[in-house]
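Welcome! Have a look at the structure below, and then let us walk through one of its sheets together.

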Amino acid sequence: MRKHIFFFSVVSLTLILLMNTAFAAGVLTVTQERFLVIPKDTYYSGKIFVEVTNTGDATAQFSGGTFALYNAKGAVIGSRDLSGYCIPSVLEPGEIGLFWARIDVEEAKKPDYIADYSLEISGQDQITDSIYRLPVTASFKNITDSASEYSYKIRGLILNDTDEEVLTWYTIFSLKDEAGTLLYVSPWSYDGRPAGKGIKPDDTTEMNMDMLSSDTSTSVYFDDDHIPASAEFIAFYFVN
């Protein structure tokens, strides 16, 4: 009798392990978003900043989505395909990706013409992009001295923790308030250098960004109720 019980226990344990393996999957979740209606020269646009987190237990790749705007009657007044938007495209469990999207609505002569929005994203378990994420130490400084030209100074210290020189890499950063609420996502940037001028193993490079409070391209995102207090940097490169 004991032999039969032992055999059943082994089979049960094997089935549980197989079930756990089979159900392991990446899940891309919008963990924070901020939507704004912003003025252009003669009309208004809808813009969204998004933080995506892999809340699953396996690697996931961003595959697309849709960002849409609606008028007060619920009619679609603009939409955008989000394929290729998330930076980076591949997220390990617990990792975040960032992106922003904008839709210009030329018929929107007043901000309330854009009455609502929707956001949908999707991911896939089939990984076609190969990336390596580099460690980054981010710092943020709010300059309150009126004599200073810049209001916000953002720094990202990127470490090459590999055993090879890194010649090309991509970066993106977000700004959050004291409560950790997402306020802003930067455009992604690319840096490429010739051999011998890249980031050598165990070495670092610094990415710097200064934002003017008087710059109309960024001042629309911040006010007395939306004050940046911290930055989060992402740096990575594609593996050939």
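Strands β2 and β6 run antiparallel to each other and pair over 10 bridges. Here strands are DSSP runs of E with at least two residues, helices are runs of H or I with at least four residues, and both are numbered from the N terminus. Two strands are said to pair if DSSP finds at least two bridges between them. Within this pairing, F49 stands opposite W100 in β6.

Before going further, please keep in mind that this is a predicted model, in which local features need pLDDT of at least 70, side-chain atom pairs count only at pLDDT 80 or more, and totals for chains, interfaces and linings use all residues. Residues are numbered from 1 along each chain as its sequence is written, and side-chain values use heavy atoms, with hydrogens and water left out.

On to the other partner of β2. Strand β1 (residues 28-39) pairs with β2 in the antiparallel sense, and 4 residues lie between the two strands of this hairpin. F35 has I48 in β2 as its bridge partner.

| Strand pair | Sense | Bridges |
|---|---|---|
| β1 and β2 | antiparallel | 11 bridges |
| β2 and β6 | antiparallel | 10 bridges |

Together they give an open sheet of 3 strands in the order β1-β2-β6, with antiparallel pairing. β1 and β6 (96-105) are its edge strands, each pairing on one side only. On average, neighbouring strands of this sheet are turned by 15 degrees against each other, direction ignored; the axes behind such angles are lines fitted to C-alpha atoms, for helices over the stretch in contact, and angles run from 0 to 180 degrees between N-to-C directions.

N54 sits in strand β2 (residues 44-54). Its side chain reaches the backbone oxygen of A58 at 2.8 Å. Leaving aside residues up to four places away in sequence, N54 touches several others, including G26, V27, L28, T59 and L91; contact means heavy atoms within 4.5 Å.

Finally, the whole chain. Its secondary structure comes to 2 helices and 15 strands, and buried residues make up 37% of its 240 residues. Of the contacts with a separation of 6 or more, 72% are between residues 24 or more positions apart.

Notes:
Polar contact = N/O pair within 3.5 Å; in protein donor to acceptor, adjacent residues only side chain to side chain. Buried < 20%, exposed > 50% of the residue type's maximum accessible area, 1.4 Å probe, protein only.
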